[in-house]
Amino acid sequence: MNGYNNPGFAASAWLVAEREIRMKLRSKAFLISTGILMLAVLGSVLAGGIFSSASPKMNVAATGAAISVAQQLPDLKITKVDSVDAAKKLVNDGTVEAALVPSDDAPTGVEILALDSVPQELVVALSSPPTVHLLDPNAMNPLLAYFAAIAFGIVFFMSAMTFGTTIAQSVVEEKQTRIVEILMSTISVRALMAGKVLGNSLLAFAQIAAIAALAALGLSVTGQGELLASFGPSIAWFVVFFVFGFVMIAALYAATASLVSRQEDVGSVTSPVMMLVMLPYILVIAFNDNPVVLSIMSYVPFSAPVGMPMRIFLGAAAWWEPLLSLVILLASTAIVIAIGARIYSNALLRTGARVKLSEALAR
Amino acid sequence: MLEVEQVNRSFGAKRVLRDVSFTVDGGRMTGFVGANGAGKTTTMRIILGVLSADSGRVALNGSDLGDADRRRFGYMPEERGLYPKMKVAEQIIYLARLHGLAPAAAQKNTMQLLERLGLEERADTAVEALSLGNQQRAQIAAALVHDPEILVLDEPFSGLDPIAVETVQGVLKERAAAGVPVLFSSHQLDIVERLCDDLIVIADGDIRASGSRERLRAEFGGSRYELHVSGSAEWVRGAAAVEVVSIDGGRTVFSAAPDAAQAVLRAALDRGPVVRFAPQEPSLAQIFREVIQ
């Protein structure tokens, strides 16, 4: 009659996804919290840059043959003076922290004059250190590993929870306002669920990508390119794992939320899913130095998005391990979507009391 | 033509529909009446594919209904609802797009329909900010926006103010006149009586009667006559082949075959002046009572 074009599954799901995105972008709370998250990421990267570059040069006076020696040492501000006495004077009145003067006795040909304490940096700079062979050259600075653990854990946890909760609320809103019956009579339930998962997943990916880009930009602007290079592969894998891990969590949120009919009940019915999201966050912070726990985490589908990038960052994963873990994650995502869609379509029309899980799975 | 054939459905051990069969013809308004819990909503949900039937089929013009056909249905569920935070026009356009309309057609239909329903000034208001009556109008717009080829409306008049009832009746009649089969349920038997061409009566999941209003009237209304004479009408009790329903002074209602009724009229004229004699049209409420007994 009016030029129906009979949208298929994908077109219907996309219409639903588009609405989800449009409504979310209209929410002030979402925009403000995203802004705060971005600022926090940028702030911590910049702060890290300021602390790491804060090594002020040392004021040193030098005279005679010692001048050329001093010029070979890094991070010194050299004041050239005419005599040893002039150098002593500068040390005494505090204009310089130490002075390098020629000495016939010393094997290096220079000696250090200082007021009341040994200037360690200068001593180290002048000594010839023994050769050091690191047996595990890839091992990470434990502090850096800890921060990486927190970063992966918190970003996964925050995004999964923010957008998971959004899906849950959107599912219950449709049930509570009863519009779901009109939707169900128009498009397939699977298209409806797929659209919700797709829309919120896209928003979550966009947020994650923006955070990753912001962090990378911040690191390179503040001259921490080395850090960026060591984070690069793990961040890339994190994004890949997050994409599939989030779809799984989104399906779980949609399915569990469909069991209830009121917004007040969303929190209690989705709390088991929230536990699943929180667990990897807690585990990675507590056990980021425990290879056994990390290995297990990197294969369990719910914690793989945090565990595997962490192991890649630590250089503890062989090349095939992320691929195997990804296959496990993909398979479990497919299974969860199938079960979730079943619960969702069975529970959607049953308003009122909470639907029992066994009943939702039955037909 | 929409056909429902031998549809059965149970919820757990409770059988809510038993071999439900009926047809809804194009261009006719079909009223679907029954007590609460008789199975009206379940039947409509099965027609729309929102619920599945345990057995039986729903066919449109002879072929089984698929999801693509159902997109061309206009459905108004008993439990109303729209997205509270979306604007009226935005929401109706969204639903039109889900039904498969192109963006331009969705926009055009929405604006025309909002104007027809007197909602054009509210197009950019969020649904939650509308009065209840206007929310109902928006709901009707949602069911009609895609120019459906079949309309299935569950209690379309409940909660409407009298003016809105008039508007909606007008819109539905227009659609039926354009050849669209319209199936609607209602508790308000007076509206059904005024509006419907065909009637389906359901009780305890059984279709007790279906057909045109006139046929049901003839079948279940019996043949009742009303007689008003100036004297007492007690003598009618003695007339041959007549069953008296009530006598109140000179007024009486009795049921009889046409010949016997004419004989009563002649007898009455012999006795004195007759103020009134007429066949009594049974109201829908009477038919309904008769049918579900």
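Q: Which residue of S2(B) is the bridge partner of Leu2(B)?
A: This is a predicted model, in which local features need pLDDT of at least 70 and side-chain atom pairs count only at pLDDT 80 or more, while totals for chains, interfaces and linings use all residues. Residues are numbered from 1 along each chain as its sequence is written, and chains are lettered from A and ligands numbered from 1 in the order in which they are written. Strand S1 (residues 2–11) of chain B and S2(B) pair in the antiparallel sense over seven bridges, where two strands pair if DSSP finds at least two bridges between them. Within S2(B), the bridge partner of Leu2(B) is Val24(B).

Q: Which residue of S10(B) is the bridge partner of Val201(B)?
A: Strand S9 (residues 198–203) of chain B is joined to strand S3 (residues 29–33) by four bridges in the parallel sense, and Gly31(B) stands opposite Leu199(B) in S9(B). S9(B) is also joined by six bridges to strand S10 (residues 206–212), here running antiparallel. In S10(B), the bridge partner of Val201(B) is Ala209(B).

Q: How many of the six residues of strand S9 of chain B are buried?
A: A residue is buried if 20 or more other C-beta atoms lie within 10 Å of its own, exposed if 12 or fewer, and partly exposed in between, with C-beta atoms placed from the backbone. S9(B) forms a hairpin with S10(B), with two residues between them, and Asp204(B) in the turn has a positive phi of about 50°. Strand S9 of chain B is mostly covered, and of its six residues the number buried is five.

Q: Which element of chain A do the buried residues of H5(B) pack against?
A: Helix H5 (residues 132–144) of chain B has 13 residues and reaches 19 Å from its first C-alpha to its last, close to the 18 Å expected, the expected span being 1.5 Å times one less than the number of residues. The helix is mostly covered, with 10 of its 13 residues buried, including Gln135(B), Arg137(B), Ile140(B) and Leu144(B). In chain B, these buried residues pack against S6, H3, H4, strand S7 (150–154) and helix H6 (162–177). The element of chain A that they pack against is helix H7 (179–186).

Q: Which element gives the most to the side of chain B that touches chain A?
A: Two residues are in contact if their C-beta atoms, placed from the backbone, lie within 7 Å, and the contact takes 31 residues from chain B and 21 residues from chain A. The elements of chain B that give two or more residues are helix H2 (67–70), strand S6 (73–76), helix H3 (88–98) and helix H4 (103–116). With four residues, the element that gives the most to this side is H3(B).

Q: Where does Arg178(A) lie?
A: Arg178(A) has a positive phi of about 70° although it is not a glycine. With 17 C-beta neighbours inside 10 Å, the residue counts as partly exposed. Arg178(A) lies in the loop between helix H6 (142–176) and H7 of chain A.

Q: Is Ala241(B) buried or exposed?
A: Phi of Ala241(B) is near 55°, a positive value in a residue other than glycine, and its place is in the loop between strand S11 (224–229) and strand S12 (242–248) of chain B. With 11 other C-beta atoms within 10 Å, Ala241(B) is exposed.

Q: How far apart do the C-alpha centres of domain 1 of chain A and domain 2 of chain A lie?
A: Chain A fills a box of roughly 100 × 40 × 40 Å with its C-alpha atoms, taken along the principal axes. The domain assignment gives domain 1 (18–47 + 139–362) and domain 2 (59–126), with bounds that come from an automatic or database domain assignment. The distance between the C-alpha centres of the two domains is 58 Å.
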